[in-house]
Amino acid sequence: ILILLESLLKSIKEENDIFDGYLSLGIPFCGFLNQKNIRTDADRHWWTGEYSWDEENNQGSLDIAHAICELQTEIANRNKIHETDKKLILDLNKLVLRKKHDKFLRFWFNDDDELYDGSKFIMQ
């Protein structure tokens, strides 16, 4: 996912080209995000993001959240500069981020469920 976000950012910054449309990916954030131990931790709802976060996964989640913020900022700036109304709808339907990174993204998108619903981002 991070590679895709970085490619979209590069396209905007270097080629002034904003992907205008709907882009959907069903790639999980990381294959190493596993529940701690289902036998001893059955009350934890790992499918809602209560994962065992190690340093590498935490950094990956932070990097993705940062790239999403940067992408949204670049699209908004380019639309303002060039007086365009391009919009990227980015649907990352299997994305799992650390809860604090998810909360920050909700703040970044003004707690607006139409702009960010936990996996779909509308950037304009």
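How many salt bridges does a search of the whole structure find? I ran through the whole structure and the count came to 3 salt bridges. I took a salt bridge to be a side-chain nitrogen of Lys or Arg within 4 Å of a carboxyl oxygen of Asp or Glu.

**Entry: what I am working from.** The model is predicted, so I note that local features need pLDDT of at least 70, that side-chain atom pairs count only at pLDDT 80 or more, and that totals for chains, interfaces and linings use all residues. Residues are numbered from 1 along each chain as its sequence is written, and side-chain values use heavy atoms, with hydrogens and water left out.

**Entry: Glu-70 and Lys-13.** I looked up this pair and found a salt bridge between the side chains at 2.4 Å, N to O. Glu-70 sits in helix 2 and Lys-13 in helix 1, so the pair ties together parts that are 57 residues apart in sequence. Helices here are DSSP runs (H or I, at least four residues), as are strands (E, at least two), numbered from the N terminus. Glu-70 is partly exposed at 27% relative accessible area, and Lys-13 is partly exposed at 40%. My cut-offs: buried is under 20% relative accessible area, exposed is over 50%, and partly exposed is in between (1.4 Å probe, protein chains only).

**Entry: Arg-78 and Glu-74.** These side chains meet in a salt bridge at 3.4 Å, N to O. The two residues are 4 apart in helix 2, so about one helical turn separates them. I noted both Arg-78 and Glu-74 as buried.

**Entry: Arg-106 and Asp-102.** This salt bridge is listed at 3.2 Å, N to O. The residues lie 4 apart in helix 3 (residues 99-108), about one helical turn. Arg-106 is partly exposed at 27%, whereas Asp-102 is buried at 19%.

**Entry: the nonpolar core.** Next I looked up the largest nonpolar core, which has 26 residues. Such a core is a set of buried Ala, Val, Leu, Ile, Met, Phe, Trp, Tyr and Cys residues joined through side-chain atoms within 4.5 Å. Two or more residues come from each of helix 1 (2-15), helix 2 (55-81), strand 2 (88-92) and strand 3 (120-123). Helix 2 gives the largest share, 7 residues. Among the residues with the most contacts inside the core are Ile-68, Leu-90 and Phe-121.

**Entry: Phe-121.** Which residues does Phe-121 contact, leaving aside neighbours within four places in sequence? I list Ile-68, Leu-88, Ile-89, Leu-90, Leu-92, Leu-95, Leu-105, Phe-109, Leu-115 and Tyr-116. Contact means heavy atoms within 4.5 Å.
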